[in-house]
Structures are given as structure tokens and as C-alpha cells.
Amino acid sequence: TQQPKVVFVIFGATGDLAKRKLFPSIYNLYKKGNLSENFAVVGLARRPWTDETLRENVETSIRKATATEEELSDFTSHFYYQSFDVTDDATYDGLNKLIIDLEGKYETDGNRLFYLAMAPNFFGLIAKKLKEYGLKESAGWTRLIIEKPFGTNLATAKELNNEIREAFDEDQIYRIDHYLGKEMVQNIEVIRFANGIFEHLWNNQFISNIQITASEVLGVEDRARYYDQSGAARDMLQNHILQMVALLLMEPPIKLTTKEIRSEKIKVLRALRKINPDEVYKYFVRGQYDAGEINNQAVPSYREEHEDLAFSNTETFVAGRLLVDNYRWAGVPIYVRTGKRMAEKTISIVVQFRDLPMNLYYKSHKQRYPNLLRINIQPDAGVTLSINASKEGTGSLAEPIELTYNQNDVPGINTPEAYEKLLYDCTIGDATNFTHWDEVALSWEFVDPILETWAEKQPSFPNYKSGSMGPRAADELLEKDGFHWWDV
Ligand code: BG6
């Protein structure tokens, strides 16, 4: 492993993401030796904090993981705070001076990683100012990590991208999709392309359908302001889910390089069949959660979560049926669903293989146990393959049995968190698991018509109970094709 030297500059350092993900990730990188001693972190936000306040906050956010007080204060001593008004020019000068100081003190070779972990309204402006005030001029590399949302539709995403591209080149821009940092999402490629038994069958001749579920138990929490403007399609489908679709359906890359992998993913997104406005309600289902019960606890409806949501028509659930028009996948439906306040937290993929033309080992002709490959991403991380065998040894009746590998059960494997992996990738200049602009644009192109059609008509919300697996219509999507959602 490399030990990068770098100054991290985190915009939004008082926020939730910094506290929950970024500080712990930087700490883990440091502790594991994936970051050299030559690093500093500048935290920026509006609040009038001091270095001390920031350090205390960093300490709280990593306390669980640490060993001694000394280690803690060694680590947090690398953190500096500057209160920042993104619109005030004087603060960019101040920031530049601070960074130059820290570069001297920590000998970071001029490498600068700017991380935009805040409300997206200012992404464009900040990028522009960073260039204008010379913050991009250093002896080392400069890179920019951008959190989602990357626009709210294709037009706004383009605008944002143009603004950013005026200041940064495409290869300096790291658009983060944290699903791409998940161990088992990264494993999709390996499971497919390192196994003849799967890859030879990975096409419309042998696969009948693919199902992707990303269900959450949590509701909107304290993110009402962001979430209500967004909704499930923008929050999860446009990015995380379509990224998984791309990884599942892409052709084998000719090399394991950023460029080759991304270009195969882009081809899948390009082949996604556009949904005509008059077909949106046929192939896509939206939902919003009603009150209900989860783990024996009563939970309120979405509209009751916050006074601003009382009349909201924002969807907290989306399911859809996707088709990919290329030689390998023609005719294979890809079903996806994601939502808040569902029965369980699961991210999983089920690949259903076609039935045999005739099977004498079933009890009745109605019975079907197709082979299933499950790729479990969360909470289990692993794979399960369902095959048929005779359990009682009678040699006649077939029943499904499962071959299971669960990474969580393997002693000694301590999977790094998604953010930790992706931060590391960025510091070593590996953009493979970040989204290229073309992917972002194609994903919006796919999602836009759905959102536009939905916007024309009031939904009848709420339409699914908290603690369920979504509206009934999401089941009917599959039933119309003779399928059903497999348990996840
Ligand atoms: C984020 C969404 O991108 O992903 C959240 O904004 C969602 O609404 C989260 O809860 C889910 O991530 P994970 O890693 O918990 O599946």
C-alpha cells in the first residue's frame, strides 16, 4: 500500500457526514498505515468553531475505535478549523494561507484534496473560487470529491458540471457514490468475471430476471429538508441502484483500468431503454410510507414526521422494471426497488436463472425452484447459491438447498467502510469507483422522464405501511411477467 501525503480540506466539517463517516475513515486510514504522518485536515463551515472544538468533535466521532489518549491527541492534532463563508472572498485568501502553512509544517508535497460535504447549492461557486484564488496551484496534485446530489435532473446536473469543469479537469473530479465503496458491490465484478460457471450463463439465454432491493428501516430522520426535495428516485435510483445495474450487466472489461471499466458501465447505461411518458405508470411504482410498526415499535407516517411534510407528495419508495437493449440482455427484466421504513435493512441482488424445459423431480408441475444466485451486500456480505437436491435422499423429490458464503463470519476479515476505501482511492488517484460524468448524465436521462410524468399527477399517498415491503403495485410489476420478488 501507498502512504499518501495530503492536506484534506473538508467543506461542511460540522456536518453529519464528516462526523459519521469522514473523520472515522481518515482515522482508520491513518491507523492502518494507509496514510502517512504527513497529513493535515482543514475543517470548514459557517459555525465559529476553533481548532479545539473541531478536535473535540473528531475525538468523539472516533472514540470507539481508538486505543489510548495519546494516540487520540496525536491524531487530532492534525486537524485545523477555519470558519468559512463560501460567498465571502476574503475567506479564500485565508484558506490558501492556512493550507500553505500546513504544507510547510507537515511536508505534504503540495497534495490537496478538497471534499465538498455540504449543501450542493454552492458546489459550483466553491470550485470556481478555489481556482480564482489560486488554491489549485500547488506543487502536488489537487483533487475534488463531490457528494451527491449531483443536480436534480439532467439540466441542473449539466449546469453544475460545467461550472465545476471550468475549474477542475474531469480527471481531478471524484464524484462519490458510496455504494461503489461497498465490499460486495466491488465484488460483483469479481464474482462474475472470475467464475466460468456464472459468466458463461450471464445472459438472456440463461437468466430470466434480476432483482435488486435496497430497503431501509429508517425513515426520513432529520433530513426532511433535503429529502423532501429529493425523493427516492433521486436519492437512490439515479445513483446507487443504476450503478449496481451497470456493474451487473456490463461486458467484461479488456483491462482492469479505470478507463476500461467505466467505459463498459457507460455502455450499459446507454443501452437502458428510455421509459416513454405513457409507460411510466406501467413500469414504475412510487410510494410514500404510512404509519406502521417496525420491530414492535409504532412509527409515524412520512407526512407526520415534520410539519413541513404534512402535504408532501414526495416518494419515499420506488420500484421499477428496466430493460437493457443490447445483444446480451434483450428481453431480461431487471426489477429494482428501494424505500424508507420498510421491513428490514437489506441491500441484495437476486439473479434468477431460467427453469429447465422439463423437470421430473418437482412434486407438481406448478412447483418451481429456479436456481438463484444471491449477492448479499448488507447486512450480510456474501453470496448464496440455491440449487436443487433431494434432501431426504430418496433420489426423487427436488428441494432447494443453499450454498452460502458469508464474509462476516470469516474470522480476521475486517472490511473497511465504504468511505474509507473511497477516500484512500482518491488519495492514490484511482477513480475507478467514482462516477464519471457520462454515467451521471445517462442516469439522469433515464430518470428524468419518470420524474416529469410523476410531477404531472398527484399521487394517492400514503400507500404503503411502515414495516412492509412497499406498495402492492410493486409486487404486481413482477406478477404481470409471471415472477415474484424473492425473499431477501
Ligand atoms: C444515501 C441516501 O446516499 O444512502 C440515504 O442519501 C440513504 O437516504 C443511504 O439512507 C443508504 O446508504 P446505506 O449505505 O446505508 O445503504
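**Exercise 1. Which residues of helix 3 (residues 69-76) are buried?**

Solution. Keep in mind that this is a predicted model. Start by picking out the residues of helix 3 with under 20% relative accessible area, the cut-off for buried. That gives you Leu 72, Phe 75 and Thr 76. Next, look down the axis of helix 3: its buried residues fall within an arc of 90°, so they line one face of the helix. Finally, ask what sits over them. The cover includes helix 1 (16-31) and helix 2 (51-62), along with strand 2 (39-45) and strand 3 (79-83).

**Exercise 2. Now try helix 5 (residues 123-132): list its buried residues, then find what covers them.**

Solution. The buried residues here are Phe 123, Gly 124, Ile 126, Ala 127, Lys 129 and Leu 130. For the cover, look to strand 1 (6-11), helix 4, strand 4, strand 5 and helix 6, which are among the elements involved. Then step just past the end of helix 5, where Gly 134 takes a positive phi of about 75°.

**Exercise 3. Find where Glu 107 and Arg 341 sit, and decide for each one: buried or exposed?**

Solution. Glu 107 goes against it, with phi near 45°. Arg 341 does too, at about 55°.

Now place them. Glu 107 is in the loop between helix 4 (89-106) and strand 4 (112-116). Arg 341 is in the loop linking strand 12 (334-339) to strand 13 (346-353).

Last, check the accessible area. Glu 107 has a relative value of 52%, which makes it exposed. Arg 341 has 13%, so it counts as buried.

**Exercise 4. Locate Asp 16 and work out how far its C-alpha atom is from that of Ala 117.**

Solution. Asp 16 is part of helix 1. With a relative accessible area of 42%, Asp 16 is partly exposed. Along the chain, Asp 16 and Ala 117 are 101 residues apart, yet their C-alpha atoms are separated by 9.1 Å.

**Exercise 5. Zoom out and describe the protein chain as a whole: its elements, its dimensions and its surface.**

Solution. First, count the elements: 15 helices and 17 strands. Second, the dimensions. A compact globule of 488 residues would have a radius of gyration near 23 Å, and the chain's 24 Å agrees with that. Along the principal axes, the C-alpha atoms fill a box of roughly 75 × 50 × 45 Å.

Third, look inside. Of the 488 residues, 55% count as buried. Among contacts between residues at least 6 apart in sequence, 76% join residues at least 24 apart.

Fourth, the surface. The accessible area comes to about 22,200 Å², with 49% of it belonging to carbon and sulfur atoms. To finish, compare the charges: the mean positions of the 56 positive and 71 negative ones are 4 Å apart.

Definitions and conventions. Residues are numbered from 1 along each chain as its sequence is written. This is a predicted model: local features need pLDDT of at least 70, side-chain atom pairs count only at pLDDT 80 or more; totals for chains, interfaces and linings use all residues. Side-chain values use heavy atoms; hydrogens and water are left out. Helices (H or I, at least four residues) and strands (E, at least two) are DSSP runs, numbered from the N terminus. The radius of gyration is taken over C-alpha atoms; the globule rule is 2.2 Å times the number of residues to the power 0.38. Buried means under 20% relative accessible area, exposed over 50%, partly exposed in between (1.4 Å probe, protein chains only). Contact means heavy atoms within 4.5 Å. Accessible areas come from the Shrake-Rupley method with a 1.4 Å probe; for residues, only the protein chains shown count as cover. Lys and Arg count as positive and Asp and Glu as negative; His and the chain ends are not counted. The place of a charge is taken as NZ of Lys, CZ of Arg, CG of Asp or CD of Glu. The arc is that of the directions from the helix axis to the C-beta atoms.
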